[in-house]
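Student: I am new to this one. Could you pick a part and take me through it closely?

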Amino acid sequence: MSPAASAAILAGAALKMRMPASLLQVAAIVVGGPLLVGLMAKCRARAEGRIGAPISQPLRDLRKLVRKERIHAEHSSAVLAVAPFVLVASATVAVAISPLVTTAPVLDGGADAFVVVYLLLMGSVALALGGLDPGTAFGGMGSSRAMTVGALAEPALLVAILALSIQAKTSNLPGIVKATLAHPGWLASPERLLALAALVVVVIAETGRIPVDNPSTHLELTMIHEAMVLEYAGPELALVTLGEAMRLGLLFGLVANLFFPWGIASSASLPQLSLAVVVLAAKAATIAVVIALIEVSTAKLRLFRIPELLAGGFVLAVLAVMTGLVTR
Amino acid sequence: MSEVAFLIGLGAASAAALLGAALPARLRVLCAGLLSSAACVCVLLAAGRVLVSGHAWNAHSSEVLPLTGVSLSLDPLSAVFVATAAAVGLAASCYTIGYSAHSTPSRAATALFPVFLASLFLVPAGASVATFMVAWELMALTSLLLLLSEHRRRKESQEAAQWYASMTHVGAAAILLGLLLLATHANGQTFVAMAAHRSRLPIVLRSVIFLLTLVGFASKAGAVPLHVWLPRAHPEAPSPVSALMSGAMVNLGIYGIIRVGEDLLGGGVLWWWLLVVAIGVISAFFGALHAAASTDLKRLLAYSTVDNMGLVLIGVGAAGSLAVGGERLLAALALLASLFHLVNHALFKGSLFLSAGAVQQATGTRDLDQLGGLARRLPLTAALFGLGALSVSALPGLNGFASEWLLLEALLHGFADHAGATVVSLLVGVAALAITGGLTAAAFVKALGVGFLGQPRTPGATSAREVAPSMLAGMGLLAAVCIVLGVAPGVLLPALRRATASGLAVGAPSPLRPGLGLDLASLNGAIEPALVVAGLLGALVLTWTLIRLLARRDELHQARSAEAWGCGRELQTARMEVTATSFAEPLRRVFVDVLRPDHDIEVTHVAESRFFPQAIRYQHRIDDGLERVLYRPVISAISAWGRLARRVPNGSVHRYLAFGLVALVIILVVLA
């Protein structure tokens with residue numbers, strides 16, 4: 001047998017071993033993402049003195065939406081219809097290759113942090129194009145704002161990941177998680193804390209939470225994300241909502257595991273995996289509650305003050321890299 | 001074998017030029033196009049053979065050029081540039097057949113195109129100062145004339161040509177000076193003789209030579225602040241020529257920096273390469289920002305070229321400084337990454353310029369604010385432009401991502417080097433890469449979304465029809481290679497590794513493991529784009545199936561078409577759509593200090609009362625800020641000097657005779 005063929009068989013076997021754990025991750029995020037959104041809404045409601053909808057409300061909304069009629073705006077092309085699928089597919093692959101439940105997801109070697117970042121960018125680009133497709137004033141305005149916020153959040157995200165990668169000497173996500181598990185002392189290192197602060201800013205911007213964007217607003221002047229997806233209805237709106245919830249779950253899970261990876265499964269045994277799912281849920285829920293409390297206690301920024309916040313995140317990330325280089 | 005194919009290619013290009021000048025109108029476009037394509041195929045085979053085998057060849061003929069003769073040589077480094085030019089050339093030649101059928105170009109334009117192509121092959125193959133400079137000037141002159149070929153119809157191309165002519169000649173003079181300085185001290189004008197002599201030159205002299213050639217090469221590569229000609233010339237040239245300029249000609253500036261800095265001068269000292277990184281960082285940021293703010297489709301693409309050449313320069317500079325620091329593996333990785341990005345940029349930018357030309361031909365304009373809705377009218381052009389746009393935005397599965405990832409990894413692992421200055425330059429390089437990533441995505445979402453989606457804004461856009469098949473073939477060829485290199489970037493690795501090894505003075509170990517994906521063996525990092533794409537396709541199919549299973553049966557067939565939400569207003573017209581200007585407005589506001597846009601609001605009132613405006617005129621433009629700051633003072637100083645000098649010759653014969661006498665006296669005094 002040629003070496004190439006045996007390598008292919010070995011890769012195939014590895015894929016088969018890793019596949020169930022990755023599928024479990026996808027399932028956890030598909031269900032968990034909307035639940036996190038519901039949890040945040042619930043926290044906000046309680047903090048504001050309301051009772052609020054049940055935590056499972058986003059999942060029920062999805063079930064309702066998927067059974068509704070498909071409606072397309074009259075001047076739209078195929079882009080409008082395809083964009084939600086691309087959003088969900090890119091989020092699914094990003095979730096499958098990230099170390100959320102297991103340190104050995106599919107594409108172990110190829111599970112690079114930059115691949116995940118650019119898969120998220122793929123979803124954002126698809127949504128922005130979908131917003132421009134019907135040729136309305138709102139959609140375009142939302143796309144323009146979303147791309148601006150994205151363009152400013154991206155440098156902070158990449159440099160924050162770089163800070164972690166320099167410390168772990170790899171940009172491979174499972175590699176970073178394993179290195180953190182092996183060096184618990186990193187948790188308190190200044191570069192980690194600075195990178196964490198930068199990442200929190202980015203996560204707030206990318207998931208469209210207050211103070212960057214208000215997910216529950218429908219006031220035209222302040223909308224970003226909601227303006228962009230205004231023309232979606234029925235199953236396609238369900239996909240957009242699901243995709244966004246999955247991205248939120250992925251980002252919360254990644255922040256949790258990059259900075260506090262304990263509890264993640266290092267083998268594919270069933271008890272370990274199920275424990276890891278519970279731990280991940282607990283960690284992500286903690287982050288969700290913290291961000292919900294930030295949301296309640298701050299006012300939304302004016303659109304043209306957002307760049308200052310994101311530039312702050314970028315500076316924190318650069319400082320993280322520099323601290324790491326000085327203290328090594 | 002390879003040299004024969006190369007010479008046949010040059011012969012075919014000359015034949016194309018002759019036929020283009022001689023044949024009648026209808027026939028010459030077809031013949032020149034086909035022969036140029038054949039020339040490109042021959043040269044592509046020649047360069048491909050050098051890249052696959054790794055064997056360089058030399059050829060010398062003393063008959064062709066008087067005094068010095070012609071020396072040609074193709075080593076793997078040159079072959080990468082020749083092959084890239086040939087690939088873009090093949091697509092552009094194919095494209096000219098349909099493009100020119102629309103409005104037949106002049107004999108000169110048809111004949112010059114193959115000559116321009118041949119000069120793009122000759123510059124990297126030139127192995128002596130004389131051959132190199134002759135080819136370099138041939139390239140400059142033919143591209144200048146081609147740029148002017150539509151000057152009767154477009155006044156702007158005359159101004160662009162003035163800028164281009166002055167910048168390219170100042171650059172060529174600087175290169176010539178640098179290379180002559182090197183040749184006189186090396187006792188020989190062939191590159192081999194110069195490279196053999198490099199270690200005996202004092203470092204001051206080498207630095208002077210490097211700086212002189214850097215001025216010329218950086219200006220050809222469109223590096224800030226020597227870029228001012230590029231956003232004018234590339235948009236104004238006919239589209240196949242723009243594609244060659246942006247896809248092949250700017251690369252040769254990078255080639256010159258690598259060839260002179262690494263090969264002829266032996267790597268030099270650290271500050272050379274830090275300077276290159278600095279230029280790259282400024283170019284990348286400035287180019288990406290202007291691309292995000294541009295509303296002219298081809299100007300946007302031209303600024304994106306400045307951006308991408310900046311990224312390549314960051315890689316080249318990082319490679320140089322790591323090599324000086326003794327990090328051979330990392331230097332090889334950085335150079336390989338930048339060469340890979342250069343090849344990818346040529347492919348997607350070539351395709352994008354060709355599609356922009358198709359849009360211009362179909363609609364008569366390239367102003368994004370007047371386009372819209374082209375995806376329904378030019379579906380294939382829109383799809384090919386979309387592929388290029390997603391590629392340049394570095395989305396996974398397309399080639400732009402593969403090389404940007406490699407560049408990021410090279411910089412990331414470069415931090416292992418402990419020299420302080422190198423590390424700082426790498427950090428700045430990464431920051432530039434990160435900032436341009438988001439801005440590029442915004443720029444190309446704007447180009448694609450405003451230009452091709454939504455409703456058409458003008459009658460020209462409404463009545464657009466799909467372009468000729470040969471034009472689509474040209475664009476499709478490049479787009480197909482973009483996909484192949486995006487899914488399996490590993491196929492190009494062996495060739496790039498050989499080019500890297502012949503490009504670095506210190507020699508280069510292989511940084512990557514062979515395979516379809518990219519795997520940095522000992523450095524611990526890998527991507528598998530093929531598997532990511534497979535996963536994406538699988539997830540798409542899965543989502544689609546799930547939606548079909550969950551949705552109600554009667555809702556599956558055809559989506560209902562309804563009017564878009566207009567905030568309670570009826571009648572949504574194209575005037576309410578977001579334009580390219582308004583799409584870029586938030587970014588323009590954020591970066592107002594760098595872009596410095598000019599606003600002009602003029603309100604005319606009705607005669608009876610100044611409280612009732614009759615008409616409001618709003619003008620808005622973004623000029624190149626650096627041009628205003630750096631070039632305007634120079635230009636006004638030169639014209640002031642010219643006005644002053646004009647007073648001296650006032651037409652009086654007596655005065656001229658006096659000049660002659662004074663000159664004679666001065667010569668006699670000097671000689672005595």
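Tutor: Start with K169(A), found in the loop between α5 (137–168) and α6 (173–182) of chain A. Helices (H or I, at least four residues) and strands (E, at least two) are DSSP runs, numbered from the N terminus. This is a predicted model, where local features need pLDDT of at least 70, side-chain atom pairs count only at pLDDT 80 or more, and totals for chains, interfaces and linings use all residues. Residues are numbered from 1 along each chain as its sequence is written, chains are lettered from A and ligands numbered from 1 in the order written, and side-chain values use heavy atoms, without hydrogens and water.

K169(A) is not a glycine, yet its phi is positive, about 60°. Its relative accessibility is 60%, so K169(A) counts as exposed (buried is under 20%, exposed over 50%, partly exposed in between, with a 1.4 Å probe and protein chains only).

R596(B), not a glycine, has a positive phi of about 45°. Look for R596(B) in the loop between α23 (592–595) and β6 (598–605) of chain B. At 53%, R596(B) counts as exposed.

Stay with the loops. I210(A) and P211(A) are joined by a cis peptide bond, with omega about 10°. P211(A) sits in the loop between α7 (190–206) and α8 (225–228) of chain A. In chain B, a cis peptide bond links V224(B) to P225(B), with omega about 5°. P225(B) belongs to the loop between α8 (203–220) and α9 (230–236) of chain B.

Now see where the chains meet. In chain B, 74 residues are in contact with 71 residues of chain A (heavy atoms within 4.5 Å). Together the chains bury about 6,300 Å², 73% of it on carbon and sulfur atoms. That area is the accessible area (1.4 Å probe) that two parts lose on being put together, summed over both.

The count between the chains is one salt bridge (a side-chain nitrogen of Lys or Arg within 4 Å of a carboxyl oxygen of Asp or Glu). R560(B) and E69(A) form a salt bridge through their side chains, at 2.8 Å from N to O. Several elements of chain B each supply at least two residues of the side touching chain A, among them α16 (399–414), α21 and β5 (560–562). α17(B) gives the most to that side, with 15 residues.

Finish on α21 (residues 529–550) of chain B, the helix that holds L546(B). L546(B) is partly exposed, with a relative accessible area of 45%.
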